[in-house]
Amino acid sequence: VLQNNDFLRNTVHRHEPPVTAQPIQILVEDDEVVVVDKPSSLPVHPCGRFRHNTVIFILGKEHDLKELHTIHRLDRMTSGVLMFAKTVEVSKRIDEQVRERQLEKEYVCRVVGEFPEHEVVCEEPILVVSYKVGVCRVDPKGKFCKTIFQRLSYNGKTSVVKCLPRTGRTHQIRVHLQYLGHPIVNDPIYNMEAWGPDRGKGGKIDKTDEELLKALVEEHRSKQSLDILGISEEDLNSGAENKDCGNSSDCTKDAKDPERNYIAACPLNSDSNLETLEKNKELSSCQNRDGQTGEESSEEKDPLCMECKITRRDPSPKELVMYLHALRYKGAEFEYCSKMPEWAMEDWEE
C-alpha cells in the first residue's frame, strides 16, 4: 500500500520496427486540410508496435502539425496521397462524402506478369483471416467488394496497372490482384510461397486459415522479416499466430495502448529486477569509460526484455517499399494528386 513519501518508479522502453528514412512530402496545406505524400513502410497513426515511427507523430514533431483528424487510411506498406482535416467540422463534411460514395480514389501498382489489356472488373467478396497479422482472402462469406483495373504498360516481365476501388475493404486491391493471378511484385503478404504453388490465384489455397497464417509467419521468420508483418518474436511466443485474435487480451492491449502490452510482458516488479537493471546500466557505462568498443558495450540492454536479446539485420530500402501507390484522391470540391512513383514508369527495370 502506498503511503506518504513513498517513491514509485516504473521503467518502460520500446522497440519499434524499422521504417524508411524518406521524408514525408507535404502536397497541400491550408486552413482546412493537410495533404501529404506518404512513404511506404510508415503507418498512418500509432498502432501495434509503432508510435514514433508514424505519419501523425512525424508531422507533429517535424512540421508542428498537431491535432490532425484522420479522414482515410492507407496500408502501412502503401505510399501516396493521404489527407488529414484540421478541424472536426471539415472532418465531418468529408466523412459525409465518404458515406455517400462521392469520393474517388485512384491507385497505381506494378504486378507480376502480363496483365490483360482490356478493363478488368473484380467483384469477389473479401474475408479477414487475421486482424493481428493483417491477412485477408477471397471468400463467399466475405464482404462485397468491387475494383476496376486497367493496364497502363508492360515491360516484358511486369505490368503497371491503374486501380479504381469502388469499395474500401482492407487490402482490397492487393487481394483482388492476387485472385486474378497478378499479385503486386513485392507484396510481402499476397505474393508469398505460403499461399501454395499458384500463390492464391483464383482463391485456390489448399490450406486452412491457421495453416496459412503459420506458413506466412514461418516464411517471414526464415527471412528475418517478421517486422513487415508488424509482429515480433515476443508476440509469437504469446500466441499471436492464432487465427481469432479479436477477443485476445493481448490484442486489446496492443490496440489501445502498446506500452501496456510491453509492461505486461516485462514487469519490473521486484527489487532484484531493478537491481539487475541498475547493475547492467553501471556495467555498460563502465565498459564505455574503459574505452571498449563494439555493439555490446555501446547499447544499453534490459536483461528482462526479450527484444533486447535479439540482434537483427537492417532491412534494405527495397524491403521497405511495396509497389502500390495512391495517386489521386478526389471529392466534390477538391482533387489532390501526387507524382507517379519511379517504379511505375514505362521504361523502369528492377
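Modeller: A word on conventions: residues are numbered from 1 along each chain as its sequence is written, and side-chain values use heavy atoms, leaving out hydrogens and water. As the model is predicted, local features need pLDDT of at least 70 and side-chain atom pairs count only at pLDDT 80 or more, while totals for chains, interfaces and linings use all residues.

Biologist: Thanks! How many helices and strands are in the protein chain?

Modeller: Helices (H or I, at least four residues) and strands (E, at least two) are DSSP runs, numbered from the N terminus. On that basis, the protein chain has 9 helices and 12 strands.

Biologist: What share of the residues in the protein chain is buried?

Modeller: Buried means under 20% relative accessible area, exposed over 50%, and partly exposed in between (1.4 Å probe, protein chains only). The protein chain has 350 residues, and the buried share of them is 45%.

Biologist: Among contacts between residues at least 6 apart in sequence, what share joins residues at least 24 apart?

Modeller: A contact here is heavy atoms within 4.5 Å. Taking contacts in the protein chain between residues at least 6 apart, the share that joins residues at least 24 apart is 63%.

Biologist: Let's turn to Asp-75. Is Asp-75 buried, partly exposed or exposed?

Modeller: This residue carries the UniProt feature "active site", from an unreviewed entry; such annotations may be inferred rather than shown by experiment, and their positions are given in the numbering used here, with feature names shortened. Asp-75 sits in the loop between β3 (69–70) and β4 (79–85). Its relative accessible area is 23%, so Asp-75 is partly exposed.

Biologist: Which residues is Asp-75 in contact with, leaving aside neighbours within four places in sequence?

Modeller: With those neighbours set aside, the partners of Asp-75 are Lys-38, His-171 and Arg-174.

Biologist: And Asp-37: which side chain of opposite charge is nearest, and how far away?

Modeller: Asp-37 belongs to strand β2 (residues 33–38). Beyond its neighbours within four places in sequence, its contacts include His-325 and Ser-338. Lys and Arg count as positive and Asp and Glu as negative, with His and the chain ends not counted, and a salt bridge needs a side-chain nitrogen of Lys or Arg within 4 Å of a carboxyl oxygen of Asp or Glu. Asp-37 is buried yet has no salt bridge, and the nearest side chain of opposite charge is Lys-339, at 7.5 Å.

Biologist: Now for the rings. Are Tyr-323 and Trp-348 stacked or edge-to-face?

Modeller: Rings of Phe, Tyr and Trp (its six-membered ring) pair if their centres lie within 6.5 Å; planes under 30 degrees apart count as stacked, over 60 as edge-to-face and the rest as tilted. The structure holds 6 aromatic pairs. In this one the centres are 5.4 Å apart and the planes of Tyr-323 and Trp-348 lie at 80°, so the pair is edge-to-face.

Biologist: What is the angle between the planes of Phe-334 and Tyr-336?

Modeller: Phe-334 and Tyr-336 are both buried. Their rings form a stacked pair, 5.4 Å centre to centre, and the angle between the planes is 20°.

Biologist: One last thing: is Ser-41 buried or exposed?

Modeller: Ser-41 lies in the loop between β2 and α1 (55–63). Although not a glycine, Ser-41 has a positive phi of about 85°. With a relative accessibility of 0%, Ser-41 counts as buried.
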